[in-house]
Amino acid sequence: MKYNKKVFIHNLEYLVEHDLTPELTLIDKMGKKYHVRAEKTHCDLVVDQQEIRVRLIEDLFKHFKLFNIVKIESEIDFSYGVEFQSVLFGNELMITSIENEDVIKQAKASIGKTTPVMVVGIILSIIIIFSFAVWADAQPDVDWLYITLFCFAPALNISGLAILFISIQNKWAKKLHSVNLADKETAKALLKKVKLIRKAKYSFSNVSYNHKEGVSSVFHNALSKISRGIPVLYLGYLNLLNAKKEIENFPDLYMNQEANDFVFEVVELLQNNMVAI
């Protein structure tokens with residue numbers, strides 16, 4: 001079992017934010033066990049009969065590598081976001097079973113099979129383009145139109161593989177969740193306001209494409225998906241949730257309230273239209 005670091009950190013943060021003290025045991029490839037107890041102010045780690053206290057969840061990774069962990073024993077399943085296995089009753093968080101777990105596993109398996117094919121295909125295409133470009137550069141007389149046409153095929157292959165991969169993700173996402181008409185219209189309305197992010201010159205440290213144009217494109221892509229009836233994948237939701245958290249944690253850096261409100265609206269919309277893949 002492979003665990004995602006972003007999901008691991010978020011799950012622990014989410015649980016302690018709702019006044020729970022999660023306890024879990026992580027088992028690595030060699031059978032070594034790491035016992036973790038998380039609280040709002042710190043985390044306690046017990047390994048080899050030694051107790052270690054760290055202030056931040058991220059500091060746990062100084063003592064073990066998550067990619068070496070093959071099993072996490074806990075009240076929740078750390079291979080999924082906690083939102084898919086909990087319900088809030090007022091301020092009390094109740095742990096529940098995961099809905100559509102069989103379909104989610106099928107989706108992850110399908111996407112997982114496609115990923116290496118796409119990666120290998122893209123790498124081979126790049127190698128072909130680069131090799132041919134080097135060969136052509138060494139030739140005294142070469143028809144560059146011919147070279148362009150030759151390189152076009154592997155470049156087209158890269159685009160085709162990327163489109164195929166995205167379409168498979170979208171197919172499974174739509175199978176797991178239906179976006180209602182009201183949320184589609186909300187997404188279309190919010191799309192018209194994406195420029196607020198660019199004008200505010202936000203550069204969130206925890207959001208992919210860490211510059212103002214890139215940040216606005218992340219919001220644009222998520223809203224564009226929902227406006228077309230396609231739910232957002234969980235890691236995409238976490239990406240923008242981190243933007244919201246950064247605004248809340250560092251208010252002095254983000255003084256544009258209109259843009260802040262836009263971020264909060266987008267995150268709320270995504271929260272209602274995300275899938276556990």
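Among contacts in the chain between residues at least 6 apart in sequence, what percentage join residues at least 24 apart? With contact taken as heavy atoms within 4.5 Å, the value computed for this predicted model is 65%. Residues are numbered from 1 along each chain as its sequence is written, and side-chain values use heavy atoms, with hydrogens and water left out. Because the model is predicted, local features need pLDDT of at least 70 and side-chain atom pairs count only at pLDDT 80 or more, whereas totals for chains, interfaces and linings use all residues.

The chain holds 8 helices and 9 strands, these being DSSP runs numbered from the N terminus (helices H or I, at least four residues; strands E, at least two). Of its 277 residues, 43% are buried, where buried means under 20% relative accessible area, exposed over 50% and partly exposed in between (1.4 Å probe, protein chains only).

In helix H4, which comprises residues 181-191, Asp 183, Ala 187 and Leu 190 are buried; they lie on the same side of H4, because they cover an arc of only 65° around the axis, the arc being that of the directions from the helix axis to the C-beta atoms. An α-helix has 3.6 residues a turn, so residues three or four places apart point the same way. Leu 181 and Ala 182, on the other side of H4, are exposed. At the start of this helix, a side-chain oxygen of Asn 180 comes to within 3.2 Å of the backbone nitrogen of Ala 182.

Ile 123 belongs to helix H2, residues 101-137, and is partly exposed, its relative accessible area being 46%.

Note on methods. A polar contact is a pair of N or O atoms within 3.5 Å; within protein, one must be able to donate a hydrogen and the other to accept it, and residues adjacent in sequence count only if both atoms are side-chain atoms.
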